[in-house]
Amino acid sequence: MDRLQKTLLLSCVLFYVFASTSAQDCNNYAFRSNNKFSTCSSLPEQNAFLHWTYNSTDHTADIAFRHGSVSTSRWVAWALNINKTGMAGAQSLVAFQNSSGAMRFYTSPVASTAISGLTQGPLSFDVPKMSAEFVSSSSEIIIYATLNLPKGRTSFSQVWQEGPVSSDNPSAHALGSANTKSVGTVDFSSGQTTAGGGVGNSKRRRRNVHGVLNTVAWGILLPLGALTARYLKVFKSADPAWFYLHAFCQSSAYIVGVAGWGTGLKLGSDSPGITYDKHRNIGITLFCLGTLQVFALLLRPKKDHKYRLYWNIYHHAIGYTVIALSIANIFEGFDILDPAKKWKRAYIGVIIFLAVVAAILEALTWFIVLKRKDDESDKYPQGVNGNGNGVNGYGNGGYRSQQAA
């Protein structure tokens, strides 16, 4: 047999072994407990596999999560994230071999990414059965569980990880490429899985659009419009430009805000069983108050009308209330979306900038108003001709009165 024939034969053997191993890894894998599952998926990272059988009658899923190439000093975890994607909020199943050689397995809800371990605790859904085993021949840990899936849904974000065990407790996992990419989606009913989020990424993009629209509208344009109305009208040269600028900012904020509110309603209808009551209720309140402000603009009395004072009080009170609620709800949205910290910091920077500008303009406008008042007092000194305040005793600070002018 010449060298070329040997090379071809070796290639065929390697291909056969690889193909056989790949087949064995998933659909043809033989569990030692003789468990059978209707669906199997080879997960894209960390040599992990998910087997499951979905039971439509009681909306449960029997699963087996396999994580290969691990030693007895490593922990593994598989999780569903019901409301988000990624690690924060994940409802996880954890397993590892303790120092006595026995398998330890439990459930652990992950509150945030800032953790050093996986604390045992109940999940947001029931797990009536759970067990685990270490298969020394293949160096893998297998977690078995029965999940009572949340009502109305079969598709979820999934996360899986592995890390070191220290003093019989899980320690923080690495942050390498394989770890950060160990996320995807699973649909227990259709048997479909996607890597990197799939449908979850699409929904997250819509959530991001919702967040950006509302942040720009309620969190930036609205305060800018309030600043123009409060401070620019002090400058005589800015009248009536300040009013049109104020109306433009507030109208734009309302239009963009309604678009953001609509995307929020759509996200809610596409996610049955998921509610963010506080965020939603504040959003509805903002929409109602914003709409009232728009109608109030149409019903604005003239400057000399006897009800104009009451309208001003109403308009200012509702406006400042909307701004305060908007900022609070934006930060509530940051907690829900859990974006990169730079975005939250950027918005905090915007708020600080607007607050500093407001403080400077507040001092400047008060200075202008007080100086203007002093100039008028110098022009019309008190008690001219002995007839009280003002010229000829008519009014305070001008001929007859500024208010009568």
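The largest pocket of this predicted model is lined by 42 residues. Nearest its centre lie Ala229, Lys233, Trp242, Arg308 and His316. Elsewhere, the largest nonpolar core has 29 residues, and a second, separate core has 12.

**Largest pocket**
- The pocket holds about 1,700 Å³ of space.
- H6 provides the largest share, 9 residues.

**Nonpolar cores**
- In the largest core, Ile63, Phe65, Trp78, Leu80, Leu93, Leu147 and Phe188 touch the most other members.
- Strands S2 (48-55), S3 (60-67), S4 (74-81), S5 (90-97), S7 (129-135), S8 and S9 (155-166) each supply at least two residues of this core.
- S8 gives the most, with 4 residues.
- Beyond four places in sequence, Trp78 is in contact with residues including Leu50, Ile63, Phe65, Leu93, Leu147 and Phe188. Gln91, Ser92, Gln158, Val159 and Trp160 are also among the contacts of Trp78.
- The second core includes Leu221, Ile282, Ile318 and Val322.

**Thr146**
- Thr146 sits in strand S8 (residues 140-148).
- Thr146 counts as buried because its relative accessible area is 14%, under the 20% cut-off.
- Its side chain makes a polar contact with the side chain of Asp62, at 2.8 Å.
- Not counting residues up to four places away in sequence, Thr146 touches Thr60, Ala61, Asp62, Asp126, Val127, Pro128 and Lys129.

Technical notes
Residues are numbered from 1 along each chain as its sequence is written. This is a predicted model: local features need pLDDT of at least 70, side-chain atom pairs count only at pLDDT 80 or more; totals for chains, interfaces and linings use all residues. Side-chain values use heavy atoms; hydrogens and water are left out. On a 1 Å grid over the protein atoms alone, a cavity is a set of points where a 1.4 Å probe fits but cannot get out, and a pocket is an open set with protein on both sides within 12 Å along at least five of seven lines; lining residues have an atom within 4 Å of a point. Grid points are joined across faces, edges and corners, and a volume is the space filled by probe spheres set on the points. Buried means under 20% relative accessible area, exposed over 50%, partly exposed in between (1.4 Å probe, protein chains only). A polar contact is a pair of N or O atoms within 3.5 Å; within protein, one must be able to donate a hydrogen and the other to accept it, and residues adjacent in sequence count only if both atoms are side-chain atoms. Contact means heavy atoms within 4.5 Å. A nonpolar core is a set of buried Ala, Val, Leu, Ile, Met, Phe, Trp, Tyr and Cys residues joined through side-chain atoms within 4.5 Å.
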